[in-house]
Amino acid sequence: EEEIPKDHPRYQDLLTRHRIEKGVEKGITHLQGMHAEGRGSAFDYLLGEATISSAEEAERVAAAHLLLADHPVLSINGNVAALVPGEMVELAEATGADLEINLFNRTPERIEAIADHLREHGAEDVKGLEADARIPNLDHQRAKVDEDGIYAADVVVVPLEDGDRAEALNEMDKTEIVIDLNPLSRSPQVADVPIVDNIIRAVPNMTEHARVLADEDEAELRSIIDEFDREAALEQAEDRIRSGEL
Ligand code: PTJ
């Protein structure tokens, strides 16, 4: 990371790419994660590589949900672990959430490598290793969850996956916060709170909002949540991408 000059016009993009490459080398990120990164990078380019106002608002709403939750869980895959390990640990600490590894390409080796990586970044308790429960109506590896983790959660943060798990979690009546640069991918389309932003910007913003909102009472947090319009947030992101106006 030291090799990338900070004043390079595409510094953040290069940094992201570099972290994913390192993740693959370390056995954390799946090779498919590089394709996922390429997709994300293209959408980020169209968004001006900046947090648009509807995403900023969604990040604040997400923080309010996490603070109000009885049992919030942040889901971690190979891309998330490579890109924002320390930032996820900080968000978990600021909101009292658990961290749970959940992989599409699940192998014991990757689970171990990601758990170690999160611990190196300060995580004390990492869930997802037991996988003693199943998300109903989902027939792939992402269905494997911890009974006292995602299975029991009331609010779940689901970053960087275009898939059917989001829908299956919705059917379990969980509140879902999705981080995905593509507003048309399936997960943000079904999320209660779609955050169309780069995870590199989104997670520190959510932590910052959580710290600011930590002392608010329940009624105030509820009103922040009630004022949020998920359709409008998705629409603003799509309009921005289609218009090319930054
Ligand atoms: O680690 P595993 O085995 O669980 O596999 C994880 C990947 C990411 C490989 C798997 O979930 C996958 O293939 O995902 P998709 O279908 O490519 O979806 C990833 C979504 O994340 C796409 O919609 C991308 O636009 C989006 N995305 C990629 N990078 C970022 C991003 N969104 C926000 N921030 C990013 N940095």
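These notebook entries record what I looked up in the structure.

**Entry 1. The model**

I noted that this is a predicted model, in which local features need pLDDT of at least 70, side-chain atom pairs count only at pLDDT 80 or more, and totals for chains, interfaces and linings use all residues. Residues are numbered from 1 along each chain as its sequence is written. Helices (H or I, at least four residues) and strands (E, at least two) are DSSP runs, numbered from the N terminus.

**Entry 2**

I began with a general point: two packed helices are described by the angle between their axes and the distance between the axes. Axes are lines fitted to C-alpha atoms, for helices over the stretch in contact, and angles run from 0 to 180 degrees between N-to-C directions.

At what angle do the axes of α3 and α9 cross? I found that helix α3 (residues 53-68) and helix α9 (residues 199-213) have axes that come within 8 Å and cross at roughly 55°. This makes α3 oblique to α9. The terms are set as follows: angles under 35 degrees count as roughly parallel, over 145 as roughly antiparallel, 65 to 115 as roughly perpendicular, and the rest as oblique.

I recorded the crossing of α3 past α9 as right-handed. A crossing is left-handed if the near helix is turned anticlockwise from the far one by less than a right angle, and right-handed if clockwise.

From α3, the contact uses Glu56, Glu59, Arg60, Ala62, Ala63, Ala64, Leu66 and Leu67; from α9, it uses Ala202, Asn205, Met206, His209, Ala210 and Leu213. Two residues are in contact if their C-beta atoms, placed from the backbone, lie within 7 Å. By class, I listed nine nonpolar, two polar and three charged residues in the contact of α3 with α9. Here Ala, Val, Leu, Ile, Met, Phe, Trp, Tyr, Cys and Pro count as nonpolar, Asp, Glu, Lys and Arg as charged, and the others, Gly among them, as polar.

I then turned to helix α10 (residues 218-226), which packs with α3 at an angle of about 140°, the axes being 9 Å apart. The two helices are therefore oblique to each other, and their crossing is left-handed. Arg60, Val61, Ala64, His65, Leu67 and Leu68 of α3 meet Glu218, Leu221, Ile224 and Ile225 of α10. The contact of α3 with α10 divides into seven nonpolar, one polar and two charged residues.

For helix α11 (residues 230-243), I found axes that come within 8 Å of α3 and cross at roughly 145°. α3 passes α11 in a left-handed crossing. Here Ser54, Glu57 and Ala58 in α3 meet Ala232, Ala233, Gln236 and Ala237 in α11. The contact of α3 with α11 has four nonpolar, two polar and one charged residues.

**Entry 2. Positions listed by UniProt**

Which residues does UniProt list for "binding site"? The unreviewed entry gives Arg17, Arg39, Asp180, Leu181, Asn182, Arg186, Ser187, Asn198 and Ile199. UniProt positions are given in the numbering used here, feature names are shortened, and annotations may be inferred rather than shown by experiment. I noted that these residues are spread over 183 residues of sequence and also in space, up to 23.6 Å between C-alpha atoms.

I looked at two of them. Leu181 is in the loop between β7 (175-179) and α8 (186-190), and Asn182 lies in the loop between β7 and α8. Is Leu181 buried or exposed? Leu181 is buried, because 25 other C-beta atoms lie within 10 Å. A residue is buried if 20 or more other C-beta atoms lie within 10 Å of its own, exposed if 12 or fewer, and partly exposed in between, with C-beta atoms placed from the backbone. Asn182 has 20 C-beta neighbours inside 10 Å and so counts as buried.

Leaving aside neighbours within four places in sequence, Leu181 is in contact with Gly40, Phe43, Asp44, Val196, Asp197 and Asn198. Not counting residues up to four places away, Asn182 touches Arg39, Phe43 and Asp162.

Most residues other than glycine have a negative phi. I found that phi of Ala131 is near 50°, a positive value, and that phi of Asp173 is near 65°, also a positive value. Ala131 lies in the loop between β3 (126-127) and β4 (133-134), and Asp173 in the loop between α7 (165-171) and β7. Ala131 counts as buried, with 21 C-beta neighbours inside 10 Å, whereas Asp173 is exposed, with 7 other C-beta atoms within 10 Å.
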